[in-house]
Amino acid sequence: MVRRNGEGRGKNRKNKQISWSDPQGSGEGAAGLSPEIDQLYQQIQEMWTKCDDVQFRWVQTAGRRGFIVWIYTLIGKELAQESILEPLTTLEKAETVTDVQQALRSPSLRLVSSVEEINIAVGEGAAVLCLDGFTQAIVLDVMQFHGRSVERSTLEAVVRGPQEAFTESLEMNLGLIRRRLKSPRVKVEYMALGRVSKTMVALVYIQGIVKPGYVKECQERLNRIDVDSILDSGYVEELIDDAPLSPFPTIEYTERPDRLAAEALQGRVGIVVDGSPNALLIPALFVNFLQSPEDYFERYSMALAVRLLRHMYFWIALLLPATYVALLSYHQEMIPTTLLMTLSASHEGVPFPAVVEALIMEVTFEALREAGIRLPKAVGQSVSIVGALVIGEAAVNAGIVSPAMVIIVALTGIASFTVPSYNIAITFRLLRFPMMIMAGLFGLYGIIISLLILWIHLVSLRSFGVPYMTPIAPLVWEDLKDTFSRPPWWYMKKRPKMYETVDPTRSANIPRPLPGTAEEDPL
């Protein structure tokens, strides 16, 4: 587990400090520490009044009185005993703060000089030592995080490749990233967001690869956030989004540390939020949402076939119901005669037009899918599958929908499951409904009009200044090789040009594997 760098956090937090005693950020809470220990104790205790989980413990060391303040539900009791209490009992000299620092055994400690910094440190789970006569307090990292351990990824599951996923612990998440990127070029910058929550947010990027403008723009947008609390990365995503009114996400998220490491090597910036198991990736392009981490773990020939299949089913998930409605309602001449007779016979007796029939089935399918997610895991999957079979069969027998429509909706649902990114899959699940309505009103012309509007909207989007449809529009030939296909590694010597990386070369000479012969043993 990686400990927090106290100096780095304090430095990046300086523009975000707001006094607890004064909502406007000025007043008594922002002043320096009083050297009178009784006065300081009274001041801090008044701020934490009615907080029964906050403890104050008086200590006597080297002729000086002092106290320690911590939240006992966040600290490790044994660690606090070994790091603070035992060293203080043997301390003989305490003329300066440095003398006390050298005696303590905490793996991470720093000095603070304001009451507000003490409050923030206590809220983060640290222990703060204040001694009489000193205008600085010592913050010691003795936090013991109580949460789940590293588990398998659920949103981005793979058959081959790393199985680790992020947790709700910022330290643990950064440790998972550092295990994969061990270079000092990997930079981690902290800042605190939320006037009440004081949530720690970390920027992760690789110096010398990432475009400096991305980091600067990200810092500026985060610094503009002024809300009471940040409880998840979704809060940050919505507050720094380029197009918050668009149904398309312009910021990508991942729960896989290997994915964040790989994207950082491509020239992207990661945003890790304390308390959230999902990290944000910027900039995010449309093609990123159709790529799976497993594409780079399998052989390139298999990954190529799967990626092409994924692109095909992506458009099937969007257009299949609308196309079926348009053909059956307006363009029967485009359907082969034998198939048309079969469809007409199956639709005979259904009291609704094809568009209403499709809307009924799609709404029912979406309701079953949502119910399967919200129900307990042990019964959720069973209810969604059995419910779809039972309701579909009952609807056909009752003459409400045709068997062909049940097949179309089922194929559409299966196609939507092939999209690896959940947030873009939700977008196209919603877009299916206006597409079906347009197809029911105008036929294939309505579908074409909808696609034109959709394409115009997509090419107008930006993600941190990068066109959303890059490398398709604008066309970047060099980056197309890793868009619809996945070339072998020895062909990907350059990083994507669309990210404008400082160092575009991934490897100067990636050797192509060639068959060889074993040398004869001279013995």
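The labels are for DSSP runs numbered from the N terminus: helices are H or I runs of at least four residues, and strands are E runs of at least two. On the H12 side, show Ala354, Glu357, Ala358, Met361, Glu362, Phe365 and Arg369; on the H14 side, show Met405, Val406, Val409, Thr412, Gly413 and Ser416. Together these form the contact between the two helices, where contact means heavy atoms within 4.5 Å. By type, the residues of this contact are seven nonpolar, three polar and three charged. Here Ala, Val, Leu, Ile, Met, Phe, Trp, Tyr, Cys and Pro count as nonpolar, Asp, Glu, Lys and Arg as charged, and the others, Gly among them, as polar.

H14 covers residues 403-416, and its axis lies 10 Å from that of H12 at an angle of about 45 degrees. Axes are lines fitted to C-alpha atoms, for helices over the stretch in contact, and angles run from 0 to 180 degrees between N-to-C directions. H12 and H14 are therefore oblique to each other. As for the classes, angles under 35 degrees count as roughly parallel, over 145 as roughly antiparallel, 65 to 115 as roughly perpendicular and the rest as oblique.

A word on the model before you go on: it is predicted, so local features need pLDDT of at least 70 and side-chain atom pairs count only at pLDDT 80 or more, while totals for chains, interfaces and linings use all residues. Residues are numbered from 1 along each chain as its sequence is written, and side-chain values use heavy atoms, with hydrogens and water left out.

Show Val355, Ala358, Leu359, Glu362, Val363, Glu366, Arg369, Glu370 and Ile373 in H12, which meet Tyr422, Arg429, Arg432, Phe433, Met436, Ile437 and Gly440 in H15. This contact holds nine nonpolar residues, one polar and six charged.

H10 packs on H15 (residues 422-442) at an angle of about 25 degrees, with the axes 8 Å apart. That makes the pair roughly parallel, and the crossing is right-handed. From H10, pick Phe314, Ala317, Leu318, Leu319, Pro321, Ala322, Val325 and Ala326; from H15, pick Phe428, Leu431, Arg432, Met435, Met436, Ala439 and Gly440. The residues here divide into 13 nonpolar, one polar and one charged.

Which residues of H6 are buried? Select Leu170, Glu171, Met172, Asn173, Leu174, Gly175, Leu176 and Ile177 to see them. Buried means under 20% relative accessible area, exposed over 50%, and partly exposed in between (1.4 Å probe, protein chains only). Because eight of the 11 residues of H6 (residues 170-180) are buried, this helix is largely enclosed by the rest of the structure. Its cover includes strands E6 (186-193), E7 (199-206) and E9 (269-273), along with helix H9 (257-266).

Between E6 and E7, center on lysine 198 in the loop. Lysine 198 has a positive phi of about 50 degrees although it is not a glycine, and at 8% relative accessibility it counts as buried. Another non-glycine with positive phi is glutamate 500, with a value near 50 degrees. Glutamate 500 sits in the segment after H17 and is partly exposed at 45%.

Finally, look at the loop between strand E12 (466-467) and H17, where you will find proline 471 and proline 474. A cis peptide bond joins threonine 470 to proline 471, with omega about 10 degrees. The bond from alanine 473 to proline 474 is also cis, with omega near 0 degrees.

End on threonine 483, in the segment after H17 (477-480). Threonine 483 counts as buried at 2% relative accessibility. Leaving aside residues up to four places away in sequence, threonine 483 touches Val287, Gln291, Arg307, His311 and Pro471.

How values were computed
A crossing is left-handed if the near helix is turned anticlockwise from the far one by less than a right angle, and right-handed if clockwise.
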